[in-house]
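Here are a few friendly notes to read alongside the model.

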Amino acid sequence: MGFYFAQLLTGLANASSLFLIASGLSIIFGVTRIVNFAHGSFYMIGAYLAYTLVSIWSGSIIGFWGSVILAAMIVGLIGLVIELTILRRIYHAPELFQLVATFGVVLIFQDATLAIWGAEDLLGPRAPGLDRAVRIMGEPIPEYDLALIAIGPVVLLAIWLLFHKTRWGVLVRAATQDREMVGALGVNQAWLFSAAFVLGSFLAGLGGALQIPREAVSLQMDLSIIGEAFVVVVIGGMGSVSGAFVAAVLISVLNAFAILIFPQISIVLPFIVMAIVLIFRPHGLFGKPGSEKGAPEEPERPLALMDQKSAMVLFAALGVLALSPFFTADFTTVLMVDVMVATLFAVSLHFMMGVGGMVSFGHAAYFGVGAYAAAMAVKFLGFGMLPAMIFGPICAAMAALFFGWFCVRLSGVYLAMLTLAAAQILWGVTFQWQEFTGGDDGILGVWPAKWASSDKVFFYIAFVLCVGGIWMLRRAAFSPFGYVLRGIRDSQTRAEAIGVDTRFHQWMGFVLAGGFAGLAGVVFAFSKGSVFPDSLGIAQSIDGLIMVLVGGIHALAGPILGAGAFVLIEDWVTRLDYWRFIFGAIILVVVLLAPDGIAGGIQRLLRMLKGERA
Amino acid sequence: MNLIRRTVLGALAALPLTGLTAGSGLAQDTIVLGEVNSYTRLPAFTEPYKKGWQLAVEQINTAGGVNGKQLEVISRDDTGDPATAIRIAEELVSKDGAVLIFGTFLSNIGLAVSDFAKQKEVLFLASEPLSDAIVWSKGNKYTYRLRPSTHMQAAMLAEQAAKLDAVKWATVAPNYAYGQDAVKAFKSELTKLRPDVEFVEEQWPPLFKIDAGSTVRALEAAKPDAIYNVTFGGDLAKFVREGSLRFLFEDRDVASLLTGEPEYLAPLGGEAPEGWIVTGYPSTDIETDDHKAFADAYIAKFGEAPKTGSIVGYNSVLAIAAALEKAGSTDTEALLAAMEGLTVDTSPTGPFTFRAADHQSTMGAYVGKTGMVDGNPVMVDWAYADGADYLPSEEDATALRPAE
């Protein structure tokens, strides 16, 4: 009995740490609708700052807690600077665009932290006065765990009081429900947003600082926490702080007991819980309907077919690409294959997000399934290259058929998070099921057939498949099916009213996008000769997301420009020292110059050149 | 202002050109080596490694180079992604004119590059990855590996562990290929030496996401006599802290893989556990002449003591130089012939040989215990374990490899 009680306490202590970071994320999303990837960076910076401060004032109880609070306040200040200089300028960009800016911030912080604190992990001191374990029912429990168990609810109470007993809190809650109305009543929204962002950053910094006595401060802290923090926010319901608390307790306690029975489960447990919760409660445990989306946006301009001049430019560009193997080096040909794969992947994601209106944080799942299906068909079923290239996309479409059925029942960020859960569960299976998938050692030796093994020949195979895939997706966007999808995106109610089966169309859109992502995965597998679980990991999904958003979600050319720019800039920039800093800065510059993406920026530029008013 | 803007714009405009011109300016009297590693993903381990090979290249070039030519290393960051690593390897070989590839830290990237080497028929020296698959189940003609593998290091620990009284063992390892290999190898080697041991508990925390409190309690609940640990880095720090708070290590033996390496041991500071049986690298405590010379030069150049990565980086370039010298050319077939059975007679860690049968070097590791000297965690009572003694015989090793 004592053992299980102690295990429960361990879970609760973890829950407190998780809650602190998730609560800040939830507040920021609730008020500003920003999906803040940089939240993990705030957490990491908080830990590093606290480490430095604690090292200066070591030993005393006041010194320790003072350092923790001061570190959190500095992080709040950093949050303020980011809000004022970057985010404030792009609130009117298309939904989720701010996510790109926070991604740039993540990259910049990673290198800045490395430059300031060095590469080695730093182990801070334990908390003075709380550095031992006490025996409860005969089991040793660290005193600091007990302190954490108390801190979580105290912070929750403080936030509750702040939100319910102060005018500011009332305004924040009002803004969470209806931003426009709050603005119409004469409240200065800009400062409300700033304050919410500062509070969220402060909480993330606090969460990081409080980890000092528990773990070594390391450069992996930012990315290792961010996924779980999002999961907690979503399970609790976006914008609900008490929901985040319940979700943090649920996940941490479940994990503490699950590893007793099935130790391997930790890898995917949070995502499984999230998937189950979302299937039964489409807005999380405490989320309200409507909490998944920002204020209704201006309706998009309808997509227009290209005029003759643009079409000629496009064909010229395609012609140059097609002939490029004859006048460039071998390596450029290889790089171009990577660009085409990324472009097809981004276009398929754009079909889902831009045309279908379904945001996906886990599109890599279908890319990876395509790649793995092809690789396994070659390895285990003895398929040749061409049959495997057909088999891959079919498997990806089947996977999309299965997961899509669940996903299209949700909308907005909840849908996005369920796609992420699907991708993570697939990733977990691939990672864990060593006998079948090779685990993280992957599947090797998936090279093109002999006749296609030269870089030039493979380039043309990739060219046909990728450009063909992009062309088909473009055709689909202008087909009756595409028009229906766009109609559903712009107004689900009206689409239903005229007799469209909205779910079925979205489901089929999901499958189509998944199938073409699988095609990109197949080309990828044969161009690299091996596949690893990374191909369906979060990083791959996020790369796709950044390509689509940076390129411009409201134009069909957006993902093409975005993917090309992303791959080529990354290939160039990784040659430099501190390339993540430079890459992050480039992303921020693009974001600030073109809040409507590269495609939108170019359109504006062209209009300006023609002397029209934008 | 205007001047600055023009300079910046000019520099920006010229940037794409740098990619095109690199490589063309090389004189004929250099040998280009391609190097790829996870410099941004895992800087704590790859920075010392980079310093190691930089020192070796500098020393060799000052002494007149190899076959009368200077060595030049083109080093790139793989961003921790196998696909990127392959693209870079392609560029190094086809554009930069690298005669071979070396480096990599993560096992999956090592495997990806080794498969690329096989396809493109270029020599690859896997410096750091530990995975057994690189030389055994997925070994190929073009790939050699320097660092003592997971299996070798686990066998070194098992040999010491077998001398303990402990019968009931529990294991804790990060849940990915390296952790799984390490546990499998330790179990089989220890059971060979001590058929009476039993393994009563396994914990598999996700890499760099250990829930240390719960893991420690799950291990404690099994009441083992001894614990075999494979966690490292941030996971290790959390595990040690939670474990010592909850008395997990009281009256228990612990055998811990790689924990004696300065990269992992130093960050633990004053909280480093004492008396754990570990494999690692005692750095400046090694008093052989060759090592002293290496360590002195390293400290003079970088102002810090060498770490495990440093020695791996240094030995990589020594091995490559020896192979180039023996081959007398940079032709891949000649290099492959030279690598087979290549012996490097003088290295800071002593002589080592690349076995012809499985392409694994016999470079060893240091086995000892953790201890505290002047408040700093170090390895004590250590001895060098020659890798050759912990490898299967060459016949058995051949059987582990796929048919060529």
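**Notes on the two chains**

1. Helix α1 (residues 2-32) of chain A and α7(B) have axes that come within 9 Å and cross at roughly 165°. That makes α1(A) roughly antiparallel to α7(B) (angles over 145 degrees count as such). Axes are lines fitted to C-alpha atoms, for helices over the stretch in contact, and angles run from 0 to 180 degrees between N-to-C directions. Helices (H or I, at least four residues) and strands (E, at least two) are DSSP runs, numbered from the N terminus.

2. Please keep in mind that this is a predicted model: local features need pLDDT of at least 70, side-chain atom pairs count only at pLDDT 80 or more, and totals for chains, interfaces and linings use all residues. Residues are numbered from 1 along each chain as its sequence is written, with chains lettered from A and ligands numbered from 1 in the order written.

3. Where do the two helices meet? In α1(A), residues including A:Phe3, A:Thr10 and A:Asn14 take part, and in α7(B) the residues are B:Gly213, B:Ser214, B:Arg217 and B:Ala221. Contact here requires C-beta atoms, placed from the backbone, within 7 Å.

4. The contact between the chains takes 56 residues from chain B and 54 residues from chain A. On chain B, the elements that each supply at least two residues include α2 (43-62), β2 (70-77) and α7 (212-221).

5. Chain B also has an open sheet of 7 strands, ordered β7-β6-β8-β9-β10-β13-β14, with mixed pairing (two strands pair if DSSP finds at least two bridges between them). The twist averages 25° from one strand to the next.

How values were computed
Angles under 35 degrees count as roughly parallel, over 145 as roughly antiparallel, 65 to 115 as roughly perpendicular and the rest as oblique.
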